[in-house]
Amino acid sequence: MVVKEYVTYNQVHKLCQEAAPRILEDFQPQLMIAIGGGGYVPARILRSFLKQPGSPNIPIQAIGLSLYEQLPSTHPSSSSTPGEVEQPGTKVTRTQWLDLTSLGEMENLVGKRILIVDEVDDTRTTLEYAVKELEKDVEIARKKLGYEGEPTKFSIFVLHNKNKEKKGRLPEDMLDENRYLAARTVEDVWICYPWEAADIDEHDEMARKQPTAGNI
């Protein structure tokens, strides 16, 4: 049986608020890249807490990556189509990417501190893909621009990291330099986020009733 944990918008907001001081202290991002669709809401909330007096808002770019597919299930959920549940896929598919034909977009990436935002680190396959592909694109852009200054550095923020063996791998220097941050590390359960819910009132009621209410 699939064990599910329900997370509310209020909890997402507070997780971003809690994480922001550490992100500012350790990384001070100049750009955020949200992985769609789960990274969009956390990135926007996080931006409000990362803004410094007298400084502009941190720009948010978006990429779309899909690793999940709908498979038949006998455990319907209020946050998915009845009779179906999402299961981890095996191949990352790009659904949206940065426009590297634009000189301005290339200049936004090269030599910057970039925070990649997603909702959950499950198998780590999507995050590995995002980091590797973005690093490749930045190197191509750097050569095109003839840039020889500070290197581009990537950091990662996720709301939840699942405590499980990962299929994907992140760069060792990213982990060693504390450029990976999960607001919470949780057991390997199915996390139901509010933006997935068809009925938000039912979703919030399920969150209120669960034993881990307020802790995830």
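Biologist: Let's start with arginine 124, is it buried or exposed?
Modeller: This is a predicted model, and in it arginine 124 is buried, because its relative accessible area is 14% and the cut-off for buried is under 20%. Arginine 124 sits in the loop between E5 and H4, and its phi is near 75°, which is a positive value in a residue other than glycine.

Biologist: Which other residue has a positive phi although it is not a glycine?
Modeller: Glutamine 28 is one, with a phi of about 50°, and this residue is found in the loop between H1 and E2. Glutamine 28 counts as partly exposed, because its relative accessibility is 45%.

Biologist: Back to E5 and H4, what unit do they make with E6?
Modeller: Together, E5, helix H4 (residues 125-145) and E6 form a β-α-β unit that is right-handed. Strand E5 (residues 113-121) pairs with E6 in the parallel sense, over eight bridges, and valine 120 has histidine 160 in E6 as its bridge partner.

Biologist: And how many bridges join E6 to E7?
Modeller: There are six, and E6 and strand E7 (residues 180-186) run parallel; in this pairing phenylalanine 157 stands opposite leucine 181 in E7.

Biologist: How many residues of E6 are buried?
Modeller: Nine of the ten residues in strand E6 (residues 153-162) are buried, so the strand is mostly covered.

Biologist: Changing topic, how many cavities of 30 Å³ or more turn up in the whole structure?
Modeller: The search finds one cavity of 30 Å³ or more, and the space in the largest cavity is about 60 Å³. Helix H1 (9-26) and E6 are the elements that give two or more residues to its lining.

Biologist: Which residues line the largest cavity?
Modeller: Among them are Arg22, Ile23 and Asp26, along with Ser155, Ile156 and Phe157, and also Leu115 and Leu181. By class, the lining of the largest cavity has six nonpolar, two polar and three charged residues.

Biologist: One last thing, which peptide bond is cis?
Modeller: The bond from glycine 36 to glycine 37 is cis, with omega near 0°, and glycine 37 lies in the loop between strand E2 (31-36) and helix H2 (40-50). As a general point, most peptide bonds are trans.

Technical notes:
Residues are numbered from 1 along each chain as its sequence is written. This is a predicted model: local features need pLDDT of at least 70, side-chain atom pairs count only at pLDDT 80 or more; totals for chains, interfaces and linings use all residues. Side-chain values use heavy atoms; hydrogens and water are left out. Buried means under 20% relative accessible area, exposed over 50%, partly exposed in between (1.4 Å probe, protein chains only). Helices (H or I, at least four residues) and strands (E, at least two) are DSSP runs, numbered from the N terminus. Two strands pair if DSSP finds at least two bridges between them. A crossover is right-handed if, with the strands pointing away from the viewer, the path from the first strand over the helix to the second runs clockwise. On a 1 Å grid over the protein atoms alone, a cavity is a set of points where a 1.4 Å probe fits but cannot get out, and a pocket is an open set with protein on both sides within 12 Å along at least five of seven lines; lining residues have an atom within 4 Å of a point. Grid points are joined across faces, edges and corners, and a volume is the space filled by probe spheres set on the points. Ala, Val, Leu, Ile, Met, Phe, Trp, Tyr, Cys and Pro count as nonpolar, Asp, Glu, Lys and Arg as charged, and the others, Gly among them, as polar.
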